[in-house]
Amino acid sequence: MITFTLLTILAFLLNLLSNVSYCYAKENPCLTVSLLNSGYHRELLYQLDFGGRFKKSTQCDIVIVQTLHQGVYVRGDQLAEIKRHHLKNSYIPVHVDIEAPAEISSSFTLYLYTKSYDKAVIRLPIHFRYHYPSSLTSFANVPMYEPSIYTSCPGRNYEGEASQSYYFPCSNATQVIDYDQEELSGVSVCTWFDLKCKVFSRGVATVSVPLGNLNMNIVVVVITTATVWSACGYIIFAIARKTKN
């Protein structure tokens, strides 16, 4: 058992060292994604190092394109409040229903914007949706998708740094504050280039969300009904006794 634990730690350290050597020795842009906290309300932490090539650039816009599974949502009002304090620039092209359970929700893509400084750290609050109860399993597995990174640098030669071009919302899309308006999807679109960016995920592959147990349905109904009637009976008794006094 001790030997297995030591081998696991050694493998982790070797993987960490290989990540560092890739980012710094080859001077390639690297993104490390971590999932923080526990429970239904968590944070995705993005740590982006731009490597030697992009450290010399000051006019490049960077966008992290993150698709979230239908079992995950972000709150538009929460993102808007964060933007008002200039902590993060983001854009969601759809209205997100935060009350809907996972089974009737859809996956969606959001955009996180930054500049090509030496390093960038972005914290994205995310929330896991409730699922319908089940009689077969106690947990639902929610996959966490790997993000992709794109850049837009006016007049820059992307040879050796980026490959295909794509069309995504421009960085000024972050000016959208009210996520309930119909003009949400009417922002301008710019050309972005796919960075050859290595993505390292730390514990972000899958998250297990607990489910309600349908087999306990009758028990829950009986206990709830008994508790409610008992509380009502006690209130009536207390009122009647106070009235006599």
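Predicted model: local features only at pLDDT ≥ 70, side-chain atom pairs only at ≥ 80, totals over all residues.

Let's start with the rings. A search of the whole structure finds seven aromatic pairs. In one of them, Tyr150 and Tyr166 have ring centres 5.2 Å apart and planes at 65 degrees; planes over 60 degrees apart count as edge-to-face, so this pair is edge-to-face. The two tyrosines come from distant parts of the chain, since Tyr150 belongs to strand S9 (residues 148-152) and Tyr166 to strand S10 (residues 162-169), 16 residues apart.

How exposed are these two partners? With a relative accessible area of 27%, Tyr166 falls between the two cut-offs, so Tyr166 is partly exposed. Tyr150 has a relative accessible area of 8%, and is therefore buried.

Tyr166 has a further ring partner in Phe168: their centres are 6.1 Å apart and their planes 10 degrees apart, which makes this pair stacked. Phe168 is buried, as its relative accessible area is 13%. Ring pairs join Tyr150, Tyr166 and Phe168 with Tyr91 and Tyr111 into a cluster.

S9 is mostly covered, with four of its five residues buried. It pairs with strand S3 (residues 61-68) in the antiparallel sense over five bridges, and here Val65 stands opposite Ser148 of S9. S9 also pairs with strand S11 (residues 189-195), again in the antiparallel sense, over two bridges. In S11, it is Asp194 that stands opposite Tyr150.

A search of the whole structure finds one: Cys170 and Cys190 form it, with their sulfur atoms 1.8 Å apart. The torsion about their S-S bond is about 100 degrees, so the disulfide is right-handed. Cys170 sits in the loop between S10 and S11, while Cys190 is in S11, so the bond ties together parts that are 20 residues apart in sequence. Cys197, by contrast, is in no disulfide; the nearest cysteine sulfur, that of Cys30, is 6.1 Å away. Cys197 is buried, with a relative accessible area of 16%.

Finally, a look at the wider setting. Helix H3 (residues 76-84) has Gly76, Leu79, Ala80, Ile82 and Lys83 as its buried residues. These cover an arc of only 160 degrees around the axis, so they lie on the same side of H3. The buried residues of H3 pack against strand S5 (89-91) and strand S7 (119-128). S7 is also part of an open sheet of five strands in the order S4-S7-S2-S1-S12, with mixed pairing. Strands S4 (72-73) and S12 (198-202) are its edges, each pairing on one side only. Within this sheet, S1 (residues 30-36) and S2 (residues 41-49) pair in the antiparallel sense over seven bridges, and Leu35 stands opposite Leu44 in S2.

Key
Residues numbered from 1 in each chain as written. Heavy atoms only, no water. Phe/Tyr/Trp six-rings, centres within 6.5 Å; stacked < 30°, edge-to-face > 60°. Buried < 20%, exposed > 50% of the residue type's maximum accessible area, 1.4 Å probe, protein only. Pairing = 2+ DSSP bridges. Arc of directions from axis to C-beta. Contact = heavy atoms within 4.5 Å. Disulfide = S-S within 2.5 Å.
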